[in-house]
Amino acid sequence: MRGVSLISVVVPVKNEGDNIKPLVLEIVKAADNGAPITEIVYVDDGSTDNTLSELKSLQTQIPMLKIVRHSKSGGQSLGTLSGVRAASNPLVATLDGDGQNNP
């Protein structure tokens, strides 16, 4: 990917266990189709459902998946900030974990 800036995708989530796998697989598909995505950073913002276990399960199959975890919820903005700080690529794209981000 010489000459192309690499992208980290940051996804802050809280209690989105059912939405984890479909979105991760969509991001991986985009990377497989040529998008310069080399890292997916999910930030679990103090979830109390199966979000963390879903992420850990997928991480065993998808090495580009990185998990950041907050022990207690700090909100979407803090989750996004933590993900951006953990990202290793020069460009960062953010997504909402449930596919909806109401302004």
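How many helices and strands does the secondary structure of the protein come to? In this predicted model, the secondary structure comprises 3 helices and 4 strands, and from the N terminus on these elements follow the order β-α-β-α-β-α-β. The radius of gyration is 13 Å, close to the 13 Å given by the globule rule for 103 residues, so the protein is as compact as a globular protein of that length. Taken along the principal axes, the C-alpha atoms fill a box of roughly 40 × 25 × 25 Å.

Of the 103 residues in the protein, 41% are buried, while the protein exposes about 5900 Å², of which carbon and sulfur atoms supply 49%. Among contacts between residues at least 6 apart in sequence, 78% join residues that are at least 24 apart.

Ile40 lies in strand β2, which spans residues 37-45, and is buried, with a relative accessible area of 0%. When residues up to four places away in sequence are not counted, Ile40 touches Val9, Val24, Ile27, Val28, Met64, Leu65 and Lys66. The C-alpha atom of Ile40 is separated by 10 Å from that of Ser88, a residue 48 residues apart from Ile40 along the chain.

Asp96, by contrast, is found in the segment after β4 (91-94). Although Asp96 is buried, it has no salt bridge, and the nearest side chain of opposite charge, that of Lys14, is 13 Å away.

Key. Residues numbered from 1 in each chain as written. Predicted model: local features only at pLDDT ≥ 70, side-chain atom pairs only at ≥ 80, totals over all residues. Heavy atoms only, no water. Helix = DSSP H or I, 4+ residues; strand = E, 2+ residues; numbered from the N terminus. Buried < 20%, exposed > 50% of the residue type's maximum accessible area, 1.4 Å probe, protein only. Contact = heavy atoms within 4.5 Å. Lys, Arg positive; Asp, Glu negative; His and termini not counted. Salt bridge = Lys/Arg side-chain N within 4 Å of Asp/Glu carboxyl O. Rg over C-alpha atoms; globule rule 2.2 N^0.38 Å. Areas by Shrake-Rupley, 256 points an atom, 1.4 Å probe, with all protein chains shown as cover.
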